[in-house]
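Today I opened my notebook to look up charged side chains that pair up. Here is what I was working with.

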Amino acid sequence: MLDLIEFLFLGAFLGLAAGTSPGPLLAVTISETLQHGKWEGIKVAVSPLITDLPIILSTMFILSHLTNYGFFIGIIAFFGASYLIYSGVESLKIKPNNVELNIEKKDALKKGIIVNFGNPHPYIFWISIGAPIIFKSLNTHVSVTILFILGFYSFLVGSKVAITLIVEKSKSFINSKYYFSIIRILGIAQIVFGLVFIKMGLELLNII
């Protein structure tokens with residue numbers, strides 16, 4: 001019983017930390033919420049539920065079969081960097097007279113999936129922290145593993161959804177200078193994250 005509570009709490013803590021930490025997925029979540037409404041932000045927030053299963057399985061496989069996985073993550077980092085820089089530049093192009101709140105926008109989930117697949121952080125997390133915890137929990141009981149994963153994703157997605165609902169209240173500023181300042185700051189943040197990913201990829205590939 002103690003193991004069940006311990007792993008559930010551990011998963012919840014790590015999920016909350018990941019969900020509320022500044023990062024590319026949070027930036028896109030906030031950006032989509034401000035531009036297109038809360039449902040588009042929620043779509044981005046839940047994207048890890050789609051992307052992370054293959055990430056978890058691939059990292060478990062890597063840990064089981066490879067000793068050097070830097071090249072794999074390095075290549076992923078470059079793909080993530082290119083998309084984040086493109087998305088950031090597009091945000092910087094937004095002009096006050098060209099923006100409307102459009103709740104019919106349909107590509108938010110796709111954006112979230114692309115950003116999360118291209119983000120090396122989930123791979124690094126599951127390789128360095130998540131997978132070892134899963135291996136340890138499996139040695140106890142599969143139910144412990146399930147509780148860890150349940151706690152992690154409940155708080156990872158839940159925290160981002162909560163942030164989305166809070167940010168959605170800001171849509172009344174859609175035509176204000178504050179709105180465009182936030183969008184541009186988020187655009188710059190995405191470009192910065194893209195550059196960080198490039199640096200990370202070069203380091204993982206031992207180029208720098």
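I began with the term itself: a salt bridge is a side-chain nitrogen of Lys or Arg within 4 Å of a carboxyl oxygen of Asp or Glu. My note on the background says that side chains of opposite charge can pair when their charged atoms come close.

I reminded myself that this is a predicted model, where local features need pLDDT of at least 70, side-chain atom pairs count only at pLDDT 80 or more, and totals for chains, interfaces and linings use all residues. Residues are numbered from 1 along each chain as its sequence is written, and side-chain values use heavy atoms, leaving out hydrogens and water.

How many salt bridges does the structure hold? I found three.

**Entry one.** I looked up Lys111 and found Glu32 as its partner, with the closest N and O atoms 2.8 Å apart. Lys111 sits in helix α6 (residues 108-118) and Glu32 in helix α2 (residues 24-36), so this pair ties together parts that are 79 residues apart in sequence. For helices I used DSSP runs of H or I, at least four residues, numbered from the N terminus.

**Entry two.** Next I saw Lys43 meet Glu40 at 3.1 Å, N to O. Both lie in helix α3 (residues 38-45), three residues apart, about one turn of the helix. Is Glu40 buried or exposed? Glu40 is buried, at 2% relative accessible area, where buried means under 20%, exposed over 50% and partly exposed in between (1.4 Å probe, protein chains only). Lys43 is partly exposed at 26%.

Lastly I checked Lys199 and Glu203, whose closest N and O atoms are 2.4 Å apart. They are four residues apart in helix α9 (residues 177-204).

How values were computed: Helix = DSSP H or I, 4+ residues; strand = E, 2+ residues; numbered from the N terminus.
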